[in-house]
Amino acid sequence: MEKLLKAKDEEYVRNLFEQNLVEPVELVLFLESPGASRVTEHNKQYLAYTEEILTEVSNLSDKINLTIYKDDKEKEKEYGVENISAFFIEGKNTNKNIVYYGIPSGHEFSSLLEDIIDVSKGETQLPDKLKEMVRKISTNVNILVFVTPTCPHCPQAVRTAHQFALENKLIRSSMIEAQEFPEWSNKYNVYAVPKVVINDKMQFEGAVPEDTFLNSVYEALGIKLLF
Amino acid sequence: MENFDLFSEDMSSNRKADLNEVFDLAILGAGPAGLTASIYAGRAGLKFILVERLSSGGQIVFSDQVDNYPGFPEGISGSQLMERFEKQASKFGTQIFSGEVREIKKSDNLFLIETSSGTIKSRSVIYAMGADPMKLPVPEEERFRGKGVSYCATCDAAFFKDKIVCVVGGGDTALYDALHLSRFAKNVIVLHRRDKLRAVKVLQDIVKKNPRIELLLEHIPLHIIGNKKVEGLEVENVKTRESKVINIDGIFVAIGIVPNTLPLKGIVELDEKGFIKTDLNMETSVQGLFAAGDVRATPLRQVVTAASDGAIAAFSAQKYLENLER
């Protein structure tokens with residue numbers, strides 16, 4: 001396959017990583033072979049590209065390691081993989097809870113880069129007040145963020161959800177590239193992105209400020225915050 | 001795979017700014033106006049902060065084709081154009097501070113800007129917070145928003161592959177949306193209340209030649225029909241007052257914009273449509289508070305005019321600060 005990142009972009013990303021990465025980061029990618037049950041006409045064309053882009057990104061820093069599991073049911077179970085492709089960004093403060101389903105292309109490529117940096121630093125850029133509120137959550141929260149690669153404000157929703165996950169191991173946040181998973185999207189009536197679904201209960205569309213997003217998380221837990 | 005043309009490296013936002021400091025200038029909004037103001041403020045050596053609530057770029061990032069910004073004879077996508085603005089601003093020291101502006105107060109020549117990420121203190125302000133799309137004026141809008149009603153053709157076109165969609169509006173944005181949607185949808189119906197489109201001629205000519213796009217002029221939307229999602233739109237002929245239902249799966253709305261002026265409510269003078277009035281120096285009715293871009297009362301709202309506003313506003317802010325020190 002031809003390289004996906006142009007030389008100029010590689011240079012940019014390499015510098016970005018050099019200046020910002022601290023601790024090692026593990027990218028864990030799950031794939032299936034053609035003909036496997038979760039390879040559909042919608043996601044099959046993207047699998048090789050997802051593998052390629054993660055390979056190229058991991059080659060741009062010594063601190064990033066890529067592990068690929070193919071048709072590995074046991075590992076899929078361990079990570080709670082629901083669809084293919086899936087990948088996890090793992091570091092010392094994560095809990096298999098920063099997840100991407102489908103390819104991080106287009107605008108989502110910037111989410112990938114920023115997530116890697118956050119995980120490597122082991123901290124997010126959320127304001128202190130919000131960090132505190134995120135850490136206080138003491139039950140499991142499952143956040144799904146449906147996106148398309150051409151959606152300019154989708155990374156904001158993905159990044160917020162992933163930062164919440166990095167601040168609290170009970171929160172699992174997944175980006176879902178809607179076009180690769182039409183059944184999943186149909187289940188939640190996704191016709192506009194970003195669309196956020198929290199614990200299957202709370203849903204909203206559009207990019208919102210982080211505090212508004214957190215309000216919705218609490219609301220899904222039955223708690224009405226006043227701030 | 002066309003998606004790979006675009007591995008976007010949006011400038012990452014941060015919160016490293018020290019909010020205990022007093023800034024010379026706070027630029028609110030990182031669209032074309034705010035980013036241009038930042039380039040000028042950076043080069044002038046001002047101590048400034050650029051605040052943005054979403055990712056940067058403003059409304060133009062929703063346009064997949066910009067053909068009228070000089071210097072790009074082949075055209076360029078809104079996102080790519082704004083990435084260039086950002087890179088240039090960042091070269092002159094701009095970093096974007098993430099936060100939603102909620103209130104602005106002025107006392108003793110100092111502006112206090114309340115944001116979702118803390119209070120910013122600044123001696124002058126450029127307000128460039130742009131506008132949001134106007135909502136479709138039918139009673140069912142809220143119920144069907146995100147369930148077939150969309151305000152972003154670039155984001156959501158893919159959900160309407162081989163479906164029939166309607167674009168409401170007759171301006172440039174509406175026609176660009178229709179053209180973009182025609183690459184996915186089976187049919188695109190452009191619904192416009194007047195007997196002529198408002199968009200520039202070149203766009204009208206392209207649209208009229210597109211076999212998938214159909215015009216429905218002199219009609220307005222009345223009601224959305226549907227259960228869980230959009231299934232149809234009841235429209236009315238403005239002349240005969242006859243109504244009919246067209247069967248469609250999606251409605252893309254491009255009927256204009258609403259200026260984002262809530263944090264300035266009761267502080268600055270607005271025009272009858274709610275846009276901020278300024279003088280030729282971009283100064284509002286409050287000294288030291290400048291406005292630039294789509295939020296300003298101006299006859300034309302384009303990237304090029306927003307950039308121009310931003311440049312003038314930054315220049316004026318610099319003059320204002322110099323006078324303040326005298």
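Which residues in α5(B) meet which residues in α6(B)? The structure in which this contact is found is a predicted model, in which local features need pLDDT of at least 70, side-chain atom pairs count only at pLDDT 80 or more, and totals for chains, interfaces and linings use all residues. Residues are numbered from 1 along each chain as its sequence is written, chains are lettered from A and ligands numbered from 1 in the order in which they are written, and side-chain values use heavy atoms, with hydrogens and water left out.

From α5(B), Asp172(B), Leu175(B), Tyr176(B) and Leu179(B) meet Leu203(B), Gln204(B), Ile206(B) and Val207(B) of α6(B), where contact means heavy atoms within 4.5 Å. Helix α5 spans residues 172–181 of chain B and helix α6 residues 201–209, and their axes come within 10 Å and cross at roughly 30°. Helices (H or I, at least four residues) and strands (E, at least two) are DSSP runs, numbered from the N terminus. Axes are lines fitted to C-alpha atoms, for helices over the stretch in contact, and angles run from 0 to 180 degrees between N-to-C directions. The crossing of α5(B) and α6(B) is left-handed, a term used if the near helix is turned anticlockwise from the far one by less than a right angle, with right-handed used if clockwise.

Chain B contains another helix pair. Helix α1 (residues 32–43) and helix α2 (residues 78–91) of chain B pack with their axes 9 Å apart, at an angle of about 25°. Therefore α1(B) is roughly parallel to α2(B) (angles under 35 degrees count as roughly parallel, over 145 as roughly antiparallel, 65 to 115 as roughly perpendicular and the rest as oblique). Their crossing, too, is left-handed. Among the residues of α1(B) that take part are Leu35(B) and Ile39(B), and among those of α2(B) are Met82(B) and Phe85(B).

The interior may be considered next. In soluble globular proteins, nonpolar side chains tend to be buried together. A nonpolar core is a set of buried Ala, Val, Leu, Ile, Met, Phe, Trp, Tyr and Cys residues joined through side-chain atoms within 4.5 Å; buried means under 20% relative accessible area, exposed over 50%, and partly exposed in between (1.4 Å probe, protein chains only). The largest such core has 104 residues, and those with the most contacts inside it include Phe17(A), Ile89(A) and Ile116(A). Helix α6 (residues 154–167) of chain A gives the most to this core, with seven residues. Apart from this core lies another, of 35 residues, among them Ala33(B), Tyr69(B), Val303(B) and Ala314(B).

The structure also holds two disulfides over all chains, a disulfide being a pair of cysteine sulfur atoms within 2.5 Å. One joins Cys151(A) and Cys154(A), with sulfur atoms 2.1 Å apart. The torsion about this S-S bond of Cys151(A) and Cys154(A) is about 90°, so the disulfide is right-handed. Both Cys151(A) and Cys154(A) are buried. In chain B, Cys152(B) and Cys155(B) form a disulfide whose sulfur atoms are 2.1 Å apart. The link of Cys152(B) and Cys155(B) is right-handed, with 75° about the S-S bond. Cys166(B), by contrast, is in no disulfide, and the nearest cysteine sulfur, that of Cys152(B), is 17 Å away. Cys166(B) counts as buried because its relative accessibility is 0%.
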